[in-house]
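This briefing is meant for someone meeting the structure for the first time. Please look over the sequence and the model before reading on.

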Amino acid sequence: MKNRQKLRPWIYSLPALTLVGLIVVFPILYTGYISLTNMNLYHWDNYELIGLDNFQRALLKVDSGFLKALLTTVLWTIFNMVIQVVLAFFIALGLNVREMKPARIYKTLLMFPWAMPAYVSILLWRVGMFNTEFGFLNKILLSLGLGKMNFLSENIPAFLSCMVLNLWMALPFMIMMMDGALQSVDRSYYESARLDGAGFWKQCRYITVPAIRPILLPSVIMTTFTTFKQFDIVYLLTMQKGSLSGATLQTIITYAHQNAFVSNNYGLSSAVSIVIFGFIIVFSLFTNRGVKEEG
């Protein structure tokens, strides 16, 4: 009887576990297997096991492009997150000023970039903002007496352009999270701090930041994951087939995509995917430990 009671939850969970196994576990295991082979367009049916050669090529071969893509991804994540958190913090503070009467209208308008489908937003920015002939930014440059600029033709301008677009799309979410966290802070703390002579920066350092940190930390972690594995912005702005901009900007996600669907080197692409998966697992362990310690 006791054994039946122990087995009953597993029996009830079996359909869900089977579905998870087919959708999540099996693709990961199969990708791990392919990463150990030389599967590509020329060895589709007759591929062979080659061990860790694909991992060695990605991680140890300097001219493979992976290490450069990894560095670009790390810089992309750091710059985006630092600017995003700082800007969102001060904008949310401004929206919570009592004298800001139309704050609700501003908050509603801020949600449009985040709520708009990413594909639509990216193509609108590519055609409407960054286009060399008709883009709004080049119209401004011409009105100032400056020459036209191709924002997506070289790596550094393309990186900055992608970062601006990512901030435009992701910043509203972070602002809303910070706005909600700020509204939970008791106003009496600030009144007491002002009576003690604390200025704006001390109030932020000793009251605001410690108060919103437990609420904000999960949102920052989630956004960091999303930024790290960002694909659509870089791809659609600079690498889309038929619309190549000239920039050779690569993140590890676009690098894996290129090896799988352009170079048709599925073994190398799978190895890169496993490495990315490993990075995410390690980062998850550290962040989960940090959240537990914070709690």
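A residue counts as buried when its relative accessible area is under 20%, as exposed when that area is over 50%, and as partly exposed in between. With these terms in hand, the briefing moves from the whole chain to single residues of what is a predicted model.

**Overall build**

- The chain contains twelve helices and zero strands, and reading along the sequence gives the pattern α-α-α-α-α-α-α-α-α-α-α-α. The radius of gyration is 24 Å, well over the 19 Å that the globule rule gives for 295 residues, so the chain is more spread out than a compact globule.
- Along its principal axes, the C-alpha trace spans about 80 × 75 × 35 Å.
- Among contacts in the chain with a separation of 6 or more, 66% are accounted for by residues 24 or more positions apart.

**A mostly covered helix**

- Helix H10, which runs over residues 232–239, is mostly covered, with seven of its eight residues buried. The buried residues are Ile233, Val234, Tyr235, Leu236, Leu237, Thr238 and Met239.
- The cover over the buried residues of H10 includes helix H3 (66–95), helix H5 (118–128), helix H7 (155–183) and H11.

**A buried loop residue**

- Asn265 is placed in the loop between helix H11 (252–261) and helix H12 (266–294), and because its relative accessible area is 15%, Asn265 counts as buried.
- When neighbours within four places in sequence are left aside, Asn265 is in contact with Met39, Asn40, Arg57, Asn259 and Ala260.

**Cysteines**

- A disulfide is a covalent bond between the sulfur atoms of two cysteines. The structure holds zero disulfides.
- Cys162 is buried, with a relative accessible area of 0%, and Cys204 is likewise buried, with a relative accessible area of 6%.

- Pro218 has its place in helix H9 (residues 200–228), and because its relative accessible area of 43% falls between the two cut-offs, Pro218 is partly exposed. The C-alpha atoms of Pro218 and Phe159, which are 59 residues apart along the chain, are separated by 27 Å.
- Ile156 belongs to helix H7, and because its relative accessibility is 63%, Ile156 counts as exposed. Although Ile156 and Ala247 are 91 residues apart in sequence, the C-alpha to C-alpha distance for this pair in space is 8.7 Å.
- Tyr12 lies in helix H1, which covers residues 2–34, and Tyr12 is exposed, with a relative accessible area of 63%. Tyr12 and Ala88 are 76 residues apart in sequence, and from C-alpha to C-alpha they are 44 Å apart in space.

How values were computed
Residues numbered from 1 in each chain as written. Predicted model: local features only at pLDDT ≥ 70, side-chain atom pairs only at ≥ 80, totals over all residues. Heavy atoms only, no water. Helix = DSSP H or I, 4+ residues; strand = E, 2+ residues; numbered from the N terminus. Rg over C-alpha atoms; globule rule 2.2 N^0.38 Å. Contact = heavy atoms within 4.5 Å. Buried < 20%, exposed > 50% of the residue type's maximum accessible area, 1.4 Å probe, protein only. Disulfide = S-S within 2.5 Å.
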